[in-house]
Amino acid sequence: QLKKALSDAGLEEVNPIGQKFDPIRDEAASYEPVDSEDKNHMIIGIMQKGYNLNGRPMRPAKVRVGEFKK
(Lines give C-alpha, C1' and ligand atoms only; values in the text may rest on other atoms or scores of the structure.)
Protein backbone atom coordinates (compact mmCIF):
# COMPACT_ATOMS: atom_id res chain seq x y z
CA GLN A 1 0.00 0.00 0.00
CA LEU A 2 2.88 2.35 0.77
CA LYS A 3 4.45 1.85 -2.67
CA LYS A 4 1.12 2.52 -4.35
CA ALA A 5 0.56 5.68 -2.29
CA LEU A 6 4.05 6.96 -3.17
CA SER A 7 3.51 6.12 -6.84
CA ASP A 8 0.19 7.95 -6.83
CA ALA A 9 1.99 10.97 -5.35
CA GLY A 10 4.43 10.99 -8.32
CA LEU A 11 7.41 9.05 -6.92
CA GLU A 12 9.06 6.69 -9.40
CA GLU A 13 12.08 4.41 -9.11
CA VAL A 14 14.99 4.95 -11.52
CA ASN A 15 16.46 1.84 -13.19
CA PRO A 16 19.25 2.99 -15.56
CA ILE A 17 20.94 -0.41 -16.19
CA GLY A 18 22.07 -0.65 -19.81
CA GLN A 19 21.83 3.10 -20.39
CA LYS A 20 24.70 5.47 -21.06
CA PHE A 21 26.10 7.07 -17.89
CA ASP A 22 24.78 10.60 -17.34
CA PRO A 23 26.52 12.47 -14.47
CA ILE A 24 23.52 14.78 -14.10
CA ARG A 25 21.13 11.88 -13.54
CA ASP A 26 23.44 9.26 -11.97
CA GLU A 27 26.23 9.07 -9.39
CA ALA A 28 29.18 6.83 -10.31
CA ALA A 29 30.11 4.75 -7.26
CA SER A 30 32.72 2.69 -9.15
CA TYR A 31 34.20 2.08 -12.57
CA GLU A 32 34.74 -1.54 -13.62
CA PRO A 33 36.61 -2.95 -16.62
CA VAL A 34 34.47 -4.34 -19.44
CA ASP A 35 35.46 -6.51 -22.39
CA SER A 36 33.58 -4.63 -25.12
CA GLU A 37 33.87 -1.06 -26.37
CA ASP A 38 30.06 -1.07 -26.74
CA LYS A 39 29.78 -1.19 -22.93
CA ASN A 40 32.16 1.75 -22.40
CA HIS A 41 30.52 4.34 -20.11
CA MET A 42 27.38 2.18 -19.84
CA ILE A 43 25.72 1.45 -16.50
CA ILE A 44 26.33 -2.19 -15.61
CA GLY A 45 24.91 -2.29 -12.09
CA ILE A 46 23.08 -0.37 -9.38
CA MET A 47 24.40 -0.05 -5.84
CA GLN A 48 21.59 2.20 -4.57
CA LYS A 49 18.27 2.95 -6.24
CA GLY A 50 17.46 6.43 -7.45
CA TYR A 51 14.10 8.18 -7.44
CA ASN A 52 12.28 10.87 -9.40
CA LEU A 53 9.42 12.91 -8.03
CA ASN A 54 6.96 14.17 -10.65
CA GLY A 55 9.58 13.64 -13.37
CA ARG A 56 12.34 15.54 -11.57
CA PRO A 57 15.37 13.90 -9.93
CA MET A 58 14.95 13.47 -6.20
CA ARG A 59 17.93 11.21 -5.49
CA PRO A 60 20.44 9.98 -8.10
CA ALA A 61 21.08 6.27 -8.47
CA LYS A 62 24.54 5.14 -7.31
CA VAL A 63 25.79 3.00 -10.17
CA ARG A 64 28.67 0.87 -11.43
CA VAL A 65 29.96 2.13 -14.77
CA GLY A 66 31.78 0.04 -17.38
CA GLU A 67 35.13 1.30 -18.62
CA PHE A 68 36.79 -0.21 -21.70
CA LYS A 69 40.59 -0.12 -21.77
CA LYS A 70 42.46 -0.94 -24.95
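Strands here are DSSP runs of E with at least two residues, and helices are runs of H or I with at least four, both numbered from the N terminus. The structure is a predicted model, in which local features need a pLDDT of at least 70 and side-chain atom pairs count only at pLDDT 80 or more, while totals for chains, interfaces and linings use all residues. Residues are numbered from 1 along each chain as its sequence is written, and side-chain values use heavy atoms, with hydrogens and water left out.

A positive phi, of about 60 degrees, is also found in His41, although His41 is not a glycine. His41 is located in the loop between β2 and β3 and is partly exposed, with a relative accessible area of 34%. Asp38 lies in the loop between β2 and β3 and is exposed, its relative accessible area being 68%. Between Asp38 and Glu67 there are 29 residues in sequence, and their C-alpha atoms are 9.9 Å apart in space.

Three strands form an open sheet of mixed pairing in the order β2-β6-β3, two strands being counted as paired if DSSP finds at least two bridges between them. The edge strands, each of which pairs on one side only, are β2 (26-34) and β3 (43-48). From one strand to the next the twist averages 30 degrees, with axes taken as lines fitted to C-alpha atoms (for helices over the stretch in contact) and angles running from 0 to 180 degrees between N-to-C directions. Strand β6 (residues 61-68) pairs with β2 in the parallel sense over eight bridges, and Tyr31 stands opposite Val65 in β6.

The lining of the largest pocket consists of Lys3, Leu6, Ser7, Leu11, Glu12, Glu13, Lys49 and Tyr51. A pocket is an open set of points on a 1 Å grid over the protein atoms alone, with protein on both sides within 12 Å along at least five of seven lines, whereas a cavity is a set where a 1.4 Å probe fits but cannot get out; lining residues have an atom within 4 Å of a point. At least two residues of this lining are supplied by each of α1 (2-8) and β1 (11-14).

How values were computed:
Buried means under 20% relative accessible area, exposed over 50%, partly exposed in between (1.4 Å probe, protein chains only).
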